[in-house]
Amino acid sequence: MGADVEEIENKGIGTQSSARFMEIAMARARVLMDSDRGQERWVKPLIRAIRRKRLRLPVLSPMVQRVVKLTESPEVDLDELADAVSRDPVLSTRIMGVANSSYFRGSTEVPNVRDALMRMGVREARTQVIVVALRSTLLRSSGLGESAHRLWKHSLLVASAIQEITLELPPWESTGFLAGLLQDLGQLVVLAFVAELPAPQDDGSAPSEESVEAILDATHASLGAMVLASWGFPEEFCEAVLAHHNSSQAPESASSLARAMELGHHIADQIEEGWPVDSAELPECLIVLGQQSGVEIDRLVDIAAEAEANVEVLSKLS
Ligand SMILES: [Fe+2]
Ligand SMILES: [Fe+2]
């Protein structure tokens, strides 16, 4: 455990990559402010908060960090994972609850975390542990209520889509779900900032919905990468998050993951809008993004169906 804490401190805010993503976030916020002076009153304090490291950032406990790290390995060791999960009573209880739910239909109640993970199987165990561990981290630490819940639901859908896309995309086969769940992490940071803006402003106004959207568009990817770097996530993972809305700009080492993330995001958006019965009605951008990841239209349809089904199960379980 001591080693984990040390690791977080060594890789904490202020490390090179975290600082670099911080610069990018400020630069992008400045571009937004320059292009729309009406944003100045909201964006200026945001830039100041980033520079002074005053933003309220989601915190990953050393225990959760260790659990998430273990799930990232392609050959996840269930014994080791069970051991890590067992150290946290809340996490253990929830994982056993999931394994004992009707979905996994065991004939007997599982007595411990190890048996719970065994019952689920490696792939499912990995997903469930990530969901259970990050759900509380993201929903509870944000204090954002409804908007955090909405974002969580969207992220589950994105994660389920990316998980399918990366199944045959080395070396990201076992990373897709986690990447999907965390790609919009920066949105939590922006939303928490907006919620805490010195209120009421002189005239009692708050940023309009459009204004918040524009700030999110401009900064969420870089702020997400910044937080993940501070959590000690690998450089390529952070780079992929930085580029998840413009994957062509990702460095080579992160480009296939960034492309999968961009595609996953668009698949999720299309599902939320309503997936067309006739594939000919799918938007061009989705088809092009699919082709870039070697995903043809039929497979796109399958991925969307799998993702939707997966989210349905996950929402029942969590
Ligand atoms: Fe995003
Ligand atoms: Fe998204």
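This is a predicted model: local features need pLDDT of at least 70, side-chain atom pairs count only at pLDDT 80 or more; totals for chains, interfaces and linings use all residues.
Helix α16, which covers residues 297–317, contains 21 residues, and the distance from its first C-alpha to its last is 30 Å, close to the 30 Å expected at 1.5 Å a residue. Within α16 the buried residues are Leu 300, Ile 303, Ala 304, Ala 307, Val 311 and Leu 314. Viewed down the axis of α16, these buried residues fall within an arc of 100°, so they line one face of the helix. The face turned away from that buried side carries exposed residues, namely Asp 298, Ala 309, Glu 312 and Lys 316. The spacing of such positions can be read against a general rule: an α-helix has 3.6 residues a turn, so residues three or four places apart point the same way.

Helix α5, residues 78–86, has buried residues as well, and these are Leu 78, Leu 81, Ala 82, Ala 84 and Val 85. They cover an arc of only 165° around the axis, which puts them on the same side of α5.

**Packing between helices**

| Helix pair | Angle | Axis separation |
|---|---|---|
| α9 and α14 | about 130° | 8 Å |
| α12 and α13 | about 165° | 7 Å |
| α13 and α14 | about 45° | 8 Å |

With an angle of about 130° and axes 8 Å apart, α9 is oblique to α14. The crossing in which α9 passes α14 is right-handed. On the α9 side the residues that meet α14 are His 154, Leu 157, Val 158, Ala 161, Ile 162, Ile 165 and Thr 166, and their counterparts in α14 are Ala 260, Met 261, Leu 263, Gly 264, His 265, Ile 267, Ala 268 and Ile 271.

Helices α12 (residues 209–230) and α13 (residues 235–242) pack at an angle of about 165°, and because angles over 145 degrees count as roughly antiparallel, the two are roughly antiparallel to each other. Here too the crossing is right-handed, with α12 passing α13. The contact is formed by Ala 221, Ser 222, Gly 224, Ala 225, Leu 228 and Ala 229 from α12, together with Phe 237, Cys 238, Val 241 and Leu 242 from α13.

Helix α13 packs in turn against α14, at an angle of about 45°, and the pair is therefore oblique. The passage of α13 across α14 is a right-handed crossing. Glu 236, Glu 239 and Ala 240 of α13 make this contact with Ser 253, Ala 254, Leu 257, Ala 258 and Met 261 of α14.

**Individual residues and their distances**

Ala 214 is part of α12 and counts as partly exposed, with 19 C-beta neighbours inside 10 Å. Residues up to four places away in sequence aside, Ala 214 touches Leu 32, Asp 36 and Gln 39. One of these, Leu 32, is 182 residues from Ala 214 in sequence, yet their C-alpha atoms are 7.8 Å apart in space.

Thr 93, in helix α6 (residues 89–99), counts as exposed, having 12 C-beta neighbours inside 10 Å. Between Thr 93 and Glu 308 there are 26 Å from C-alpha to C-alpha, at a sequence separation of 215 residues. For Asp 83 and Ser 279, which are 196 residues apart in sequence, the C-alpha to C-alpha distance is 46 Å.

**Backbone details in the loops**

Lys 53, a residue other than glycine, has a positive phi near 55°. Lys 53 sits in the loop between α3 (40–51) and α4 (62–72), and is exposed, with 10 other C-beta atoms within 10 Å. The peptide bond joining Pro 170 and Pro 171 is cis, with omega about 0°. Pro 171 belongs to the loop between α9 (146–166) and α10 (176–182).

Conventions: Residues are numbered from 1 along each chain as its sequence is written. Chains are lettered from A and ligands numbered from 1 in the order in which they are written. A residue is buried if 20 or more other C-beta atoms lie within 10 Å of its own, exposed if 12 or fewer, and partly exposed in between; C-beta atoms are placed from the backbone. Helices (H or I, at least four residues) and strands (E, at least two) are DSSP runs, numbered from the N terminus. The arc is that of the directions from the helix axis to the C-beta atoms. The expected span of a helix is 1.5 Å times one less than its number of residues. Axes are lines fitted to C-alpha atoms, for helices over the stretch in contact, and angles run from 0 to 180 degrees between N-to-C directions. Angles under 35 degrees count as roughly parallel, over 145 as roughly antiparallel, 65 to 115 as roughly perpendicular and the rest as oblique. A crossing is left-handed if the near helix is turned anticlockwise from the far one by less than a right angle, and right-handed if clockwise. Two residues are in contact if their C-beta atoms, placed from the backbone, lie within 7 Å.
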